[in-house]
Protein chains: 2
Amino acid sequence: MQRIHSAHLPAHAGQPVRIAGWVHRRRLLKSVTFLIVRDATGLAQVVVTDPAVREVVARLTEETVVEVTGTVVANDTAPAGVELTGPSVRALGDTAVPPPFDLYRPALTATLPTQLDHAAVALRHPRRATPLRVGAAATAGFRAALDPAGFVEVHTPKVVESATESGANVFALDWFGRPAYLAQSPQFYKQLLVGVFERVYEVGPVFRAEPHDTARHLAQYTSLDVELGFVADHRDVMAVLRDTLAGMLAEVAGRVSPEGLPEIPARIPELHFREALAVAGADPGGLDLAPADERAVGQWGVREHGSDFVFVTGYPMAKRPFYTHPDPADPAYSNSFDLIFRGVELVTGGQRRHRYEDYVAALAAAGEPLDPYRSYLDAFRHGMPPHGGFAIGLERFVAQLLGAGNVREVAAFPRDLHRLSP
Amino acid sequence: MQRIHSAHLPAHAGQPVRIAGWVHRRRLLKSVTFLIVRDATGLAQVVVTDPAVREVVARLTEETVVEVTGTVVANDTAPAGVELTGPSVRALGDTAVPPPFDLYRPALTATLPTQLDHAAVALRHPRRATPLRVGAAATAGFRAALDPAGFVEVHTPKVVESATESGANVFALDWFGRPAYLAQSPQFYKQLLVGVFERVYEVGPVFRAEPHDTARHLAQYTSLDVELGFVADHRDVMAVLRDTLAGMLAEVAGRVSPEGLPEIPARIPELHFREALAVAGADPGGLDLAPADERAVGQWGVREHGSDFVFVTGYPMAKRPFYTHPDPADPAYSNSFDLIFRGVELVTGGQRRHRYEDYVAALAAAGEPLDPYRSYLDAFRHGMPPHGGFAIGLERFVAQLLGAGNVREVAAFPRDLHRLSP
């Protein structure tokens, strides 16, 4: 008999079926035992009256993996309106050691550190599993938006020769006796691959040796990186970002449908950096937006345009990485942008420099040596189109979408300053 | 005027258009100049007769990025049957330094090391770009096969606390002052996540500190990992692998259509390990298949079943990792398999153990300490279903599919014993 998932039981009313999953909960009453079995699609209620089978169920523990055969019977009070009757029950493995916290309660009562110490079990709770499903859906939507637009998926090195792009916050490793570093981003590689495919994306891990223990930082996270060539300026990049986010949100809505998903407008409202300072009532000479300023920008978007999303463009060059393209009309400002979602920065991107001599000058101005960048910059001597791109931190995206207070709640096995296992 | 890609020019015959790309080649004849422009979709021929424009083109170099406006005119002798006439030509960046090898010849004449030293430019040649497109298509097909079958995409840690699974061949790194290691595979994590989602896959980098400089090994490669629960045995895993490969091949055929793609039979022929030894004429007491034996198995598949693919099942437990599930009927042999493609191992997989006590016993039998595995094995005490899975090395898959002699030819920026840049 083929196994039926719990979500599909209503279609089998009146029929004998086989289900399998984890013992989610048991209620041992005087004359009847209710066994709730959990599988990947939900819960199934099994009604046990046969004394021999009741004895089997009584000896089981929560989380033991079982197989149940029985007859599907309609019951309006059961989950999904059906239950299994006349069952036989068989364990598919050893009797489980009960987990250190109850998985059948609406919320996990254990502290986040305890949940993370026992991640493999904590993730079985819907509050922890759903964010991972949202992440998978968002990633699928990301690709579904980019594939038809001519983007090629690439895979780039995660171990690099030089500690570029900030220098600090890199993990050092031993590469066959030579020093090497974990890549902080695929930035340089995705730019080089614009020279090959014009449009590329990568979904992969990036590594930041963040010495800060905050609710927003992970030492490894999944970066959704996009880069495209033959752009007029950063506005072409922003248009791709808007459509990519729309694709991600559509797939999240279609597959998981969590509460509170935002609408994304066809055209996301924009503020130049200087306007953003004014909207926030901040010092007009400021070089960056403080968290309170970003919140004010978010409120402006809702108030003036009914939008949860706002683009802030033209950040000062002084606060952007050296590869950022300046605004040709106003070179102290850049052709870059941040996307503010509900008052918090969600995505950073912009147009990049594409001329070799501009890179040499920018590195000199930043007081950075050229040598660590040489093998990367060499490609710019051989013809690179105007280009730009952006990167979305998957875990941060999911956390902001779901309103999670800590990015560790939406990562399967987070890595940070203190956590290296499981 | 919107930019048109070269592949779409035939639809614009008679119209003025704008194209953009790289100067692929120029032919400066007595009274006419031919400019070949390359973009992501192919080549476009531009016919220049205006002396002023001929002078502009004469000063350009190969690989300079240009924008050309002109009129599309049918010409049976031009690439794709059309060319651009009456053009204006404008460089979109600096005049390119010509690359160290010609990109317009049918094959790259530079040695592979020279190509890899200048990867960003070498990859612009179709012989190097096509394998990356095949890899992207194969990965898309992998997901397209698994998503509708209920698999959830996951992202797992690439930095781990313990050097498990072989101990040797791991890269050590400094994690905030603590020793840590790059993950050699997501094996343990994908197993744990079967406890959450029943069916999972991951596309991500894995790291092997291979001290051998061979044509088949990379120190970082992209692993396509699959794991599924509630299997009867390894045969359920093999069925998923067959369908996954069919999805991958279909997407490669649809997007890139390289020559020599294999047909995958609805049911891949199988040999038990002992039968494989007999087919190869090898020592019946052998514990593994030598390369010559795998070739013989491949020939058997073609001869007896007209199949490029052959499953070999039941490898001796002595040669399989400790998490491999034994064959209950014959415990010296395993519920594992290799998939042989054209005489070479392409995929390894099998059923895994799912009982905690079996792991403890297997590690003890292997003389391995339990401690490094503790945070992983703990999940098995909390209920794990029978499960199994497989892993496909993307670069090796593409290399075997295309008949590439060296796996470095199909990786964008390969990493090995000697190579850490670009």
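User: At about what angle does helix α7 of chain B run to β12(B)?
Analyst: Heads-up, this is a predicted model: local features need pLDDT of at least 70, side-chain atom pairs count only at pLDDT 80 or more, and totals for chains, interfaces and linings use all residues. Residues are numbered from 1 along each chain as its sequence is written, while chains are lettered from A and ligands numbered from 1 in the order in which they are written. Helices (H or I, at least four residues) and strands (E, at least two) are DSSP runs numbered from the N terminus, and axes are lines fitted to C-alpha atoms, for helices over the stretch in contact, with angles from 0 to 180 degrees between N-to-C directions. Helix α7 (residues 273–280) of chain B lies across β12 and β13 of chain B, and its angle to β12(B) is about 95°.

User: Which strands of chain B stand at the edges of that sheet?
Analyst: The open sheet has eight strands in the order β6-β10-β11-β16-β15-β14-β13-β12 (chain B), with mixed pairing; two strands pair if DSSP finds at least two bridges between them. An edge strand here has a single partner, so one side of it is left without a neighbour in the sheet. In chain B that describes β6 (152–153) and β12 (270–272).

User: Is V252(B) buried or exposed?
Analyst: V252(B) sits in helix α6 (residues 234–255) of chain B. Leaving out residues up to four places away in sequence, V252(B) touches V134(B), A137(B), A138(B), G141(B) and L261(B), where a contact means C-beta atoms, placed from the backbone, within 7 Å. For burial, count the other C-beta atoms within 10 Å, again placed from the backbone: 20 or more is buried, 12 or fewer exposed, in between partly exposed. V252(B) has 25 such neighbours, so it counts as buried.

User: How does F176(B) count by its C-beta neighbours?
Analyst: F176(B) lies in the loop between β8 (172–175) and β9 (178–182) of chain B, and its phi is positive, near 50°, although it isn't a glycine. It has 14 C-beta neighbours inside 10 Å, so F176(B) counts as partly exposed.

User: And what is phi of F230(B) near?
Analyst: F230(B) is in the loop between β11 (220–229) and α6 of chain B. With 20 C-beta neighbours inside 10 Å, F230(B) counts as buried. Its phi is positive in a non-glycine residue, near 60°.

User: Which C-alpha in chain A is nearest the axis?
Analyst: Superposing the copies by least squares on C-alpha atoms of residues with pLDDT of at least 70 in both, a rotation of 180° with 0.0 Å of shift along its axis puts chain A on chain B (RMSD 0.0 Å). The copies are therefore related as by a two-fold rotation axis. At 2.1 Å from that axis, the nearest C-alpha in chain A is that of L173(A).

User: How many residues of chain A are in contact with chain B?
Analyst: Chain B contributes 76 residues to this contact. The chain A count is 76.

How values were computed. Contact = placed C-beta atoms within 7 Å.
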